[in-house]
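Please look through the sequence and the three-dimensional structure below before reading on. The paragraphs that follow lead you through the structure step by step.

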Amino acid sequence: MKSLLEIKNVTVRFGGVTAVDGVSLSLGKGELIGFIGPNGAGKTTLMRVITGMVKPNEGEVILEGKDLSRLPIHERVSSGLSLAQQIVRPLVSFHALDNVILACGKKKTENVLSSLFHKDTSEESEKAKDLLTQVGLADSFYNFPETMPLGHLKRLELARALALDPKLLLLDEPLAGLNQLEARKLSDLIVTLNQKGQSILLIEHNLKEVIRICKKIYVQDNGRFLAFGETAEVMSNIEVQNAYLGKNKNA
Ligand SMILES: Nc1ncnc2c1ncn2[C@@H]1O[C@H](COP(=O)(O)OP(=O)(O)OP(=O)(O)O)[C@@H](O)[C@H]1O
Ligand SMILES: [Mg+2]
């Protein structure tokens, strides 16, 4: 399989804490890989290294053969990366549709305000409506974030990330805070996106859903690589089981 993302030997230190310790990972085009590990394992930190929000002490991030390691966030976004964050941060003064229109416009221009007042937003508007419909928010175009339940905000965050047409979609705990039914529905949506060809790296604590939807899993513990491979094989790994026992209340 053609490699889309390659993370090589990444280390991140925050003062005395080594949050990520010499990890490497490769994701092929069209793959959906589950990324798990107990709290504090360094999952979000590695995701932020990929997007450029955190500068690693060592290591490289390569997308489709292009070395992104020294590029700022916006250049990584235009190279094809998009992140739906652990804590959702919609623009509260704008309704759902404008939130996604802004994200569509962001692809064209880095200036959020100029993209809002961009004369012709009809193209972005159609695309935003289509994305909101895809994520199951067809009835919520004109709802403001403060009136939307968490399950809808998570879907909105996903629509905003998809608006950038990423080659690789990075999801950080999209199921957190959702009940079982909502988590299952959002997981099904992630599978649908993947079946349409979207490559996805998915951080999740909801192991039930990760095991159900991901063919491959990567495990990190205490910043270190622990296991990578076929889901059943990884989950039967005794070290993976030990890492979770008693450490992760959400698992
Ligand atoms: N900006 C920061 N400054 C200092 N320490 C940090 C910073 N970000 C993360 N850390 C530390 O790095 C380690 C890894 O944190 P990280 O948030 O990446 O873990 P995680 O696997 O995403 O955890 P969780 O599952 O709880 O979200 C933790 O010890 C955390 O306290
Ligand atoms: Mg995290």
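This is a predicted model: local features need pLDDT of at least 70, side-chain atom pairs count only at pLDDT 80 or more; totals for chains, interfaces and linings use all residues.

**Strands, helix, ligand and domains**

D172 stands opposite I203 in β8. Strand β7, residues 168-172, pairs with β8 in the parallel sense, and five bridges join them. Another facing pair of these two strands is formed by L168, which stands opposite S199 in β8.

What else pairs with β8? Strand β3, made of residues 32-36, is joined to β8 by four bridges, and β3 and β8 also run parallel. Here F35 stands opposite I203 in β8, so that I203 is the residue faced by F35 and also by D172. In general terms, the strands of a sheet pair through backbone hydrogen bonds, and the pairing is either parallel or antiparallel.

Are the residues of β7 and β8 buried or exposed? In β7, five of the five residues are buried: L168, L170 and D172 point one way from the strand, L169 and L171 point the other way, and all of them are buried. Strand β8, residues 199-203, is likewise described as mostly covered, with five of its five residues buried. On one side of β8 are S199, L201 and I203, on the other are I200 and L202, and both faces of the strand are covered.

Leaving aside residues up to four places away in sequence, L170 touches M47, I50, T51, L81, S82, L83 and L201. L170 also belongs to the largest nonpolar core, which has 63 residues, and V100, L132, A159, L170 and L202 are the members that touch the most other members. Helix α3, residues 96-108, gives the largest share of this core, namely seven residues. The core draws at least three residues from each of the two domains, domain 1 (1-80 + 166-251) and domain 2 (89-165). As a general background, nonpolar side chains tend to be buried together in soluble globular proteins.

Two of the residues that L170 touches, M47 and I50, are also among the buried residues of α1. This helix is mostly covered, since eight of its nine residues are buried, and the buried ones are K43, T44, T45, L46, M47, R48, V49 and I50. Just after α1, the backbone at G52 takes a positive phi of about 95°.

Which residues surround ligand 1? The shell around this ligand is made of F14, V17, A19, G37, N39, G40, A41, G42, K43, T44 and T45. The elements that give two or more residues to the shell are β2 (17-28) and α1 (43-51), and α1 gives the most, with three residues. Sorted by class, the shell has four nonpolar, six polar and one charged residues.

The partner of β5 is strand β4, residues 58-63, and the two pair in the antiparallel sense over two bridges. Within this pairing, the bridge partner of I62 in β5 is D67.

Finally, consider the division of the chain into domain 1 (1-80 + 166-251) and domain 2 (89-165). How far apart are the centres of domain 1 and domain 2? Taken over C-alpha atoms, the centres are separated by 25 Å. Where the domains meet, ten residues of domain 1 are in contact with eleven residues of domain 2. On the side of domain 1 that touches domain 2, the elements that give two or more residues are α2 (73-79) and α7 (180-195), and the largest share, three residues, comes from α7. By class, this side of domain 1 has seven nonpolar, two polar and one charged residues.

Conventions: Residues are numbered from 1 along each chain as its sequence is written. Chains are lettered from A and ligands numbered from 1 in the order in which they are written. A residue is near a molecule or strand if its C-beta atom, placed from the backbone, lies within 6 Å of it. Ala, Val, Leu, Ile, Met, Phe, Trp, Tyr, Cys and Pro count as nonpolar, Asp, Glu, Lys and Arg as charged, and the others, Gly among them, as polar. Domain bounds come from an automatic or database domain assignment. Two residues are in contact if their C-beta atoms, placed from the backbone, lie within 7 Å. Two strands pair if DSSP finds at least two bridges between them. A residue is buried if 20 or more other C-beta atoms lie within 10 Å of its own, exposed if 12 or fewer, and partly exposed in between; C-beta atoms are placed from the backbone. A nonpolar core is a set of buried Ala, Val, Leu, Ile, Met, Phe, Trp, Tyr and Cys residues joined through C-beta atoms within 7 Å.
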